[in-house]
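Hi,

Here is the structure I promised to send over. Have a look at it first, and my notes on the pockets follow below.

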Amino acid sequence: MNVTQNDRLRQVTSDTLIVGVDVGSQTHFCRGFDWRGFELSRRVFKFSNTGMGFLTFLRWTEELMNKTGMKKIIVGCCWLTFQKFLQDQGVQLVTVNPFTVNRSKELDDNSPEKSDLKDPKTIAMLVKDGRYSTSYLPSGVYAEIREASVCREQIMKQHVRLSNQIQGWLQKFFPEYFECYADWDSTSGLMLLKEVPLSQDILKLGSGGINQIWREGKVRGAGIKRAQALIEAAQNSVGLESVEVARLEIWVLVNDYILKAEQLKRLDGYLEEKVKEVPNVEKLLAIKGVGLSTVIGFVAEVGDIGRFTDPKQIQKLAGLEIVKKSSGKKKGQPRVSKRGRRKLRRTMYESARSLINWNRAFQDLYYRNRERKPLGGMQAKIAVACKAVRIFYVVLQTGCEFDEEKFRRDIIREEAA
């Protein structure tokens with residue numbers, strides 16, 4: 001359902017208790033107001049981030065409603081466990097954008113001060129004025145995909161950091177290693193870095209000993225020639241002199257790197273299995289240029305596609321909404337708002353690049369090649385990303401298959417117009 005601000009304002013009536021909650025890591029703070037902005041609570045109420053604390057908050061709101069004669073309540077907040085608790089209790093919870101709170105808190109006292117007393121009031125006033133969004137807590141397979149996707153991204157960051165640390169170590173102690181391997185993290189190379197990481201260790205072990213390590217590890221594609229190349233590189237190495245801590249450091253880094261790679265592999269398999277449970281996702285994967293990682297990223301950020309009534313809502317959620325600043329005779333340049341989910345915006349941008357490279361229909365669409373008002377490179381990719389959002393929405397919502405010929409005919413009609 002496409003909810004307008006008027007619809008939000010109609011939900012706040014004279015018998016509505018508006019509660020603004022400022023969340024903290026261990027303690028939350030809240031204040032209660034009526035529809036005109038008069039404070040109904042005498043002072044800020046604080047409660048802990050525990051089940052007992054949530055029950056205390058619920059009891060506080062019930063006492064306040066009985067005292068003031070209010071019949072319904074709207075809570076403005078953004079905290080997952082608290083959100084789940086209120087949903088189970090049948091309490092209406094709405095979300096206020098932290099960016100909006102930061103911009104609005106100076107309206108009362110013209111001060112940028114942030115405090116546990118001030119923020120709950122700012123949140124409640126934004127709810128009163130209808131400047132909130134309906135809270136969405138994914139459930140079922142959508143919750144599984146989102147949590148697994150977040151976990152994967154965190155592990156990927158650690159994996160990349162470890163990769164950079166290992167390569168930095170090699171540049172310091174054995175820079176010639178990169179001449180022997182096109183991919184430094186090949187299986188045979190990682191085995192050596194665990195056992196004989198320094199050039200002195202390689203010379204001491206010899207080509208026969210190196211080859212024996214690979215045979216015991218059942219490594220294919222690495223033999224005596226590769227071992228001899230490593231020996232020659234070690235003989236002419238300009239790396240720093242060996243220190244005992246260097247061996248310990250690379251042993252820790254390599255083992256962590258291998259562990260993270262195994263974790264990523266397991267998460268990828270889990271996500272691949274779960275995303276196939278989403279209705280109509282196989283129709284999306286059938287589009288040439290749309291990969292599994294793109295679909296996983298899209299579903300993880302958007303959730304249930306049925307909660308949207310228009311693809312422009314998803315475009316806005318991704319921060320791909322086209323905006324411009326104009327005043328009087330000054331006409332601003334259009335740009336994307338970048339107000340939304342950064343991960344979703346990145347996913348759609350990467351999807352646009354893939355579609356342009358691999359899908360002939362999108363190559364025909366590519367706005368940079370058209371005769372009338374061609375766009376720049378980045379502008380064209382953003383336009384294709386917005387088009388991809390609309391296609392993803394229709395395919396997942398209706399289950400129809402992507403028709404390249406019909407897609408091309410639609411492009412021709414638009415150009416002719």
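Helices here are DSSP runs of H or I with at least four residues, and strands are runs of E with at least two, numbered from the N terminus. This is a predicted model, with local features needing pLDDT of at least 70 and side-chain atom pairs counted only at pLDDT 80 or more, while totals for chains, interfaces and linings use all residues. Residues are numbered from 1 along each chain as its sequence is written, and side-chain values use heavy atoms, without hydrogens and water.

Let me start with the second largest pocket. A pocket is an open set of points on a 1 Å grid over the protein atoms alone, where a 1.4 Å probe fits, with protein on both sides within 12 Å along at least five of seven lines; lining residues have an atom within 4 Å of a point. H13 (292-302) gives the largest share of this lining, six residues. H6, H11 (244-275) and H15 also supply at least two residues each. Of the 18 lining residues, Arg 152, Ser 293, Gly 297, Arg 346 and Thr 347 lie nearest the centre.

H15 (342-358) also supplies at least two residues to the lining of the largest pocket. That lining has 42 residues, with Thr 95, Asn 97, Ser 133, Thr 134 and Leu 317 nearest the centre.

Thr 347 turns up again among the buried residues of H15 (buried means under 20% relative accessible area with a 1.4 Å probe, protein chains only). The buried residues of H15 pack against H13, H14, H16 (360-365) and H17 (377-398), contact being heavy atoms within 4.5 Å.

Cheers

Methods. Buried < 20%, exposed > 50% of the residue type's maximum accessible area, 1.4 Å probe, protein only.
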